[in-house]
Amino acid sequence: MNTEDGADSGSSSDGNMTTVSQHTFGDKFDQPAFTISIIENMKEEYGLFVWPCSVILAEYVWQQRLQFSGASVLELGAGTCLPGLVAAKLGLDVTLTDDSNKVEVLDNMRRVCDLNQLNCKVLGLTWGVWDESIFTLKPKLILGADVLYDASAFDDLFATVTFLLQNSPGSVFITTYHNRSGHHLIEFLMLKWGLKCVKLIDVFSFMPPNKASGLSGNIQLAEIVLISE
């Protein structure tokens, strides 16, 4: 997928090849409002690569910036954390999270924040694990790019999302995902955990042509809230 407007590459200390990809955001392609730099490592695990769903969710955050103005943001399974970094660039209070056991991913998140001169909190948060830190989180906007890829983790993910939504009344979970097996499993899990989808969008309807040209597959964006709201 070609989402980078430019990239520099170099070798990391352990011999693995790293790249720094550039991701631009703006209403005019030739006059971007800002650029986010992401450190990627193709030889490491999934959390150190910018996947298409992350690019899409980041673009959505940019386009909906007026709606999200002033919101506190938490990104789940952030990895290279492009959506969260866009939110931080827009001046929002952002907490970036990933599995507590993925030390190298969390370290890379801190490096990316420093590279972009953005002040985000970085937190280890494992889905379905109720550490003390999760009880203090009260985000109004919960982001998750391609977090619906491992069916065995869906219950833990939705348990965590439900807790965060309950802990912060009026909040919303926005996720982008490859619709690999239909929306039915996700609908079942939402019902199980007391959630509902209030918006389901075909991402090609809002992606700029220069970014959409690199996309493939059936990718959707969903906004999810508690049924009681």
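**Reading helix contacts and cysteines**

Author: Start with one contact in this predicted model. Phe 154, Asp 155 and Phe 158 in α4 meet Leu 185, Ile 186, Leu 189, Met 190 and Lys 192 in α5. By class, that contact holds six nonpolar, no polar and two charged residues.

Reader: How do I describe two packed helices in general?

Author: Two packed helices are described by the angle between their axes and the distance between the axes.

Reader: At what angle do the axes of α4 and α5 cross?

Author: At roughly 45°, and the axes come within 10 Å. Here α4 spans residues 154-167 and α5 spans residues 184-192. That angle makes α4 oblique to α5. The crossing of α4 and α5 is right-handed.

Reader: Now α1 and α2. Are they roughly parallel or roughly antiparallel to each other?

Author: Take the angle. The axes of α1 (residues 52-63) and α2 (residues 82-89) cross at roughly 20° and come within 8 Å. Angles under 35 degrees count as roughly parallel, and α1 and α2 are therefore roughly parallel to each other. α1 passes α2 in a right-handed crossing.

Reader: Which residues of α1 and α2 make the contact?

Author: From α1 come Ser 54, Val 55, Leu 57, Ala 58, Val 61 and Trp 62. From α2 come Leu 82, Pro 83, Val 86 and Ala 87. By class, the α1 contact with α2 has nine nonpolar, one polar and no charged residues.

Reader: Is α2 largely enclosed or left open by the rest of the structure?

Author: Count buried residues. Buried means under 20% relative accessible area. Seven of the eight residues of α2 are buried, so α2 is largely enclosed by the rest of the structure. The buried ones are Leu 82, Pro 83, Gly 84, Leu 85, Val 86, Ala 87 and Ala 88.

Reader: What follows α2?

Author: Gly 91 follows α2, and its phi is positive, near 95°.

Reader: On to the cysteines. How many disulfides does the count give?

Author: Look at the sulfur atoms. A disulfide needs a pair of cysteine sulfurs within 2.5 Å. By this rule the count comes to zero.

Reader: Is Cys 81 buried or exposed? And Cys 53?

Author: Cys 81 counts as buried, at 0% relative accessibility. Cys 53 is buried, with a relative accessible area of 0%.

Conventions:
Residues numbered from 1 in each chain as written. Predicted model: local features only at pLDDT ≥ 70, side-chain atom pairs only at ≥ 80, totals over all residues. Heavy atoms only, no water. Axes fitted to C-alpha atoms, helices over the stretch in contact; angles between N-to-C directions. Helix = DSSP H or I, 4+ residues; strand = E, 2+ residues; numbered from the N terminus. Parallel < 35°, antiparallel > 145°, perpendicular 65-115°, else oblique. Left-handed = near helix turned anticlockwise from the far one by under 90°. Contact = heavy atoms within 4.5 Å. Nonpolar A, V, L, I, M, F, W, Y, C, P; charged D, E, K, R; others polar. Buried < 20%, exposed > 50% of the residue type's maximum accessible area, 1.4 Å probe, protein only.
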